Every structure is written in structure tokens, then in C-alpha cells.
Amino acid sequence: MDNPIIEVENLKVIYNQGKQNEVRSLDGINVKIYPKEYVIIFGPSGCGKSTLLYSMSGLQAPTKGNIIIENKKLSQMTKKEKVTLHQTEIGMVFQAFYLIPSLTILDNICLPRVFLGDSVAERKEAGIKLLHRFEIVEQSDKFPSQLSGGQKQRVSIARSLVNNPQIIFADEPVGNLDSISSENVMKIFKELNERDKKTIVLVTHNPEHLHYADRVIYIKDGKLIKEEVNKEKRPGEALEKAPDVNYDDLSNELKLLMRTFKNLSLQQVGSLLVPFKSDQLMSHILSELTQEQIQTAGAYLKEYLFHNIDLETFQKDLDIDYTKGGASWNKQRVKSFTQRIQKIINIAELITQGKDQEALRILLEYLSQLFKLKLTEENKRLFNSFVGMRIKNKIDRLELEKKLDTPKILGGIGLYKSTAEKISREIEIIMLMKYTN
Ligand code: ADP
Ligand code: MG
């Protein structure tokens, strides 16, 4: 068990060798991957990540060097042995899914088993189990074109698992997905590694995904330039012995907790558990929303601010049930939340366009409603002048807060301190929304 499951020795892949258009796609790569590791291959577009992954899986022949999988040299395998390797030991997941359009979802998943000579019943049983696991069982009789990107990728992961391989190779599996589906799919790979003990080799160019891996291999211009270890799983490599955590004892209690706290994972055992507890406790006491409801909504808000989704989709996503990928809010909350966001964005846009007077008018209306303010005409004039200064970046938040809070006889507006604070914070949020660098 101490041997690497995959070994890459001085791998070179050179296209059009000796010609003018020669490309050194990989230039002397050495990597060892151990059983049950989750390794991410990271680097910019064109650096050779896909070439490395395809070489490891035997889909790309090396120009020089060796690939050894489960102690067997790929170069010494017969074609038949390679086919068997792919049928039994390796599952592949691609960015473009590669589902067969004319087959149903269930048949797509079962396809790899056809070649193993199983009975139809055996195949379907294995396929349906996976459909249940990835919550796509309702899609069973549909065709790929009827599914969303995230669902298609779950289907292709299910297909890669149907023969129960030890190794999963994934090439930019979330490259075509929005940020929420991406997180969902990345969590599936994490689970396959932690729960199913699969060895995962995943290619990405997105730095936000690196924390999922046990080890990150950085590639640049066909060379391995750096390696980062998040969790040491290689035998004899651990400098410091990881704390003894008996996952078996924990798992039942954790499993029960995980039903409620969807973001809770084995990695949080130990020091990471405290920040997690603190976040949960905060949102429990300060808000009627759960952490998941806030986080999912936050992810959709990001999509909305990036203009990836329109207001209607945003509202729908907030309302949809958590189990179906939504944020599980109720309609009333969705309405007041999106109205407020629209107001804030609207005011920020007016300021950006230099329409300060209109911005101030709407802002005053908005704040009066939000904080139940009743300002005299004189105070409205002062308000416009003070907030105008903040909008023009002549004063900062604290100075504005002070002007709102200072008694009238001293030249301020004389609001309650807490109201002054809330208003000035609200204006900072608007200024942040306006800000671009
Ligand atoms: P990545 O997956 O990191 O984006 P690739 O492994 O696809 O990078 O490609 C690495 C380099 O090899 C790129 O410069 C690419 O243009 C080149 N390359 C890939 N496949 C071929 C091919 N079949 N013929 C010629 N050059 C190729
Ligand atoms: Mg690639």
C-alpha cells in the first residue's frame, strides 16, 4: 500500500517534434500520486494540464518517459490490458461531459457496464443507485439535452463511477458551470475522495478550488514548478504526525449533524470546527436564516452582481428549496430583500452617472422609509449637503456619522447615535457598490 498508485517519470510530450511548429507540451514531469490522495493539477491555460492528465490515463502517448499505474508500465501494456484498465480501474470526467445525446440518462450511466457483460438488471440497479446518490433520479428517463450543466456533470460523474474504479481523472470538470453548480460538483469529488476513498486527480485553472485537494501540483510551460500540501497522505512524507482522529467513532455523530449542517465536513474536525461553530451560532442568534440559506443566497447574489442572472432568475433561485439548489427563502423575504438590493444598486448607479441630486433624492426617500425618519425641510437640506460630501469623497464614514449625530445647535442634524451609525453604514455599502478599480 506504500507504493504510488500513479507514477510519472520524466514525462515529455512534444508535438510536431523537429518541425518549425514544435510544441513542448510537457517537459520532464515527475509526479507520484498515492492511493486515496486527492491531487489537483493547477496552472494557466495551455500549460499542459490536460496533456498530463491524458498521459496518466493512457489516452496520450508520451514522447519520452514512463507512466506507471498500479505498478504496471503503461508502455508495456497490450491494447487489451489498457482497455481493461479503463473498464475497471479508471473513471474519466471531462469539462464537456461527453454524454451520448440519443441515450437516456440512465443508459448513459450504465453504458460502461455494457462492455463488462453484466445483465440488464444488474446494470440498471447500479445506475439507479448512482442516480439516487447524486439526486438526479427524476432525470432518469430524460435525454442529456433536457438537463442543466450541473446535472449533466453529475451524470457524467455517475457514469465514471459505475464500474467502481479506484482512480478518477477529471479535466476541468466545472469549467462550464456557474459558481453554485461548480461548488456542488467540487463537493462531490471531495466526498468521493473522503467517503469512497477514491484517488482523485483533478485539473483546474481556478484558484478557488485548490483548498479541496490534499496536494496541489503547479504546472507552468510544461514544467512542474511547485507543490503544495494541504493534507499529507503520502507514506513517510508527513513531517508532523496529524492529530489522531478516529473517524469511525466520529462518523455517526457527524453524519447526523451533517444532515442539518450541510457545510460541515470531516476537515472541520479540530481547530477548524471552532470558526464553523461560531458562524453557525452567529447566524442562528442574529438572523432567522440558517448559514446555508445565507451562503446559498450569497452565491446567487454574486451571480446577480456579475450580471450572470437577471432579477427574475435571482428571485426564483432564492425561493427554490435548498434540496433543489435554491436558498429556501420564503416569497415575502425574497421580495423585501431584492427590493432593497435594487434600491442600493440603483442609487449606486445614479452616483456613478454623476446624477448626484437624483441619487440624494432617492437615497433620502429610501433611508426615511428604512429607518422611519421624519426630517424637517432644514434637516433634509443639511442631509443632502452632508451626504453629498461623502458621495464626493470629501469626508469619510465617521465624519458623516458625526455630522448626522451632532445636535442641531452645533450645526448637525441631531439624529440618535444608533440611527446616525446605521445610515452612514448604509451609505458605505452604496459607495462600495459604486466602487470599481
Ligand atoms: P492545458 O490543459 O493546460 O490548457 P494542454 O495540455 O491542452 O494545456 O496543452 C498544452 C500545450 O500543448 C498547448 O500549447 C497546446 O496548444 C499544445 N497542444 C495540445 N495538444 C496539441 C496537439 N494535438 N498538437 C499540437 N499542440 C498541442
Ligand atoms: Mg486543458
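E135 has a relative accessible area of 58%, over the 50% cut-off, so E135 is exposed. This is a predicted model. E135 sits in the loop between α4 and α5. Its phi is positive, about 55°, although E135 is not a glycine. Most residues other than glycine have a negative phi.

N71 is another such case: not a glycine, yet with a positive phi of about 65°. The loop between β4 (64-69) and β5 (72-73) holds N71. At 55% relative accessibility N71 also passes the 50% cut-off, so N71 counts as exposed.

## Helix α5

Helix α5 covers residues 149-161, 13 residues in total.

The buried set is G150, Q151, Q153, V155, S156, I157, A158, R159, S160 and L161. What do these residues pack against?

## The ligand 1 site

Ligand 1 is surrounded by Y15, V23, S25, P44, S45, G46, C47, G48, K49, S50 and T51. By class, the shell has four nonpolar residues, six polar and one charged.

Which atoms come within polar range of the ligand? A backbone N or O atom of G46 lies 2.6 Å from a ligand oxygen. For G48, a backbone N or O atom is 3.0 Å from an oxygen of ligand 1. S50 uses its side chain instead: an N or O atom there is 2.8 Å from a ligand oxygen. Taken alone, ligand 1 exposes 570 Å², and the protein buries 60% of that. Two elements give two or more residues to the shell, β2 (23-33) and α1 (49-56).

## Helix α1

Which element gives the most to the shell around ligand 1? That is α1, with three residues. The helix is also mostly covered: six of its eight residues are buried. They are K49, T51, L52, L53, S55 and M56.

Just after α1, the backbone at G58 takes a positive phi of about 85°.

## H209, a buried loop residue

H209 is found in the loop between β8 (199-204) and β9 (215-220). Is H209 buried or exposed? Its relative accessible area is 4%, under the 20% cut-off, so H209 is buried.

What touches H209, leaving aside its neighbours within four places in sequence? The contacts are I40, V174, S182, E183, M186 and T204. With T204 there is also a polar contact of 3.4 Å, side chain to side chain. V174 is 35 residues from H209 in sequence, while the two C-alpha atoms are 9.9 Å apart in space.

Methods: Residues numbered from 1 in each chain as written. Chains lettered and ligands numbered in written order. Predicted model: local features only at pLDDT ≥ 70, side-chain atom pairs only at ≥ 80, totals over all residues. Heavy atoms only, no water. Helix = DSSP H or I, 4+ residues; strand = E, 2+ residues; numbered from the N terminus. Expected span 1.5 Å × (residues − 1). Buried < 20%, exposed > 50% of the residue type's maximum accessible area, 1.4 Å probe, protein only. Near = heavy atom within 4 Å. Polar contact = N/O pair within 3.5 Å; in protein donor to acceptor, adjacent residues only side chain to side chain. Areas by Shrake-Rupley, 256 points an atom, 1.4 Å probe, with all protein chains shown as cover. Nonpolar A, V, L, I, M, F, W, Y, C, P; charged D, E, K, R; others polar. Contact = heavy atoms within 4.5 Å.
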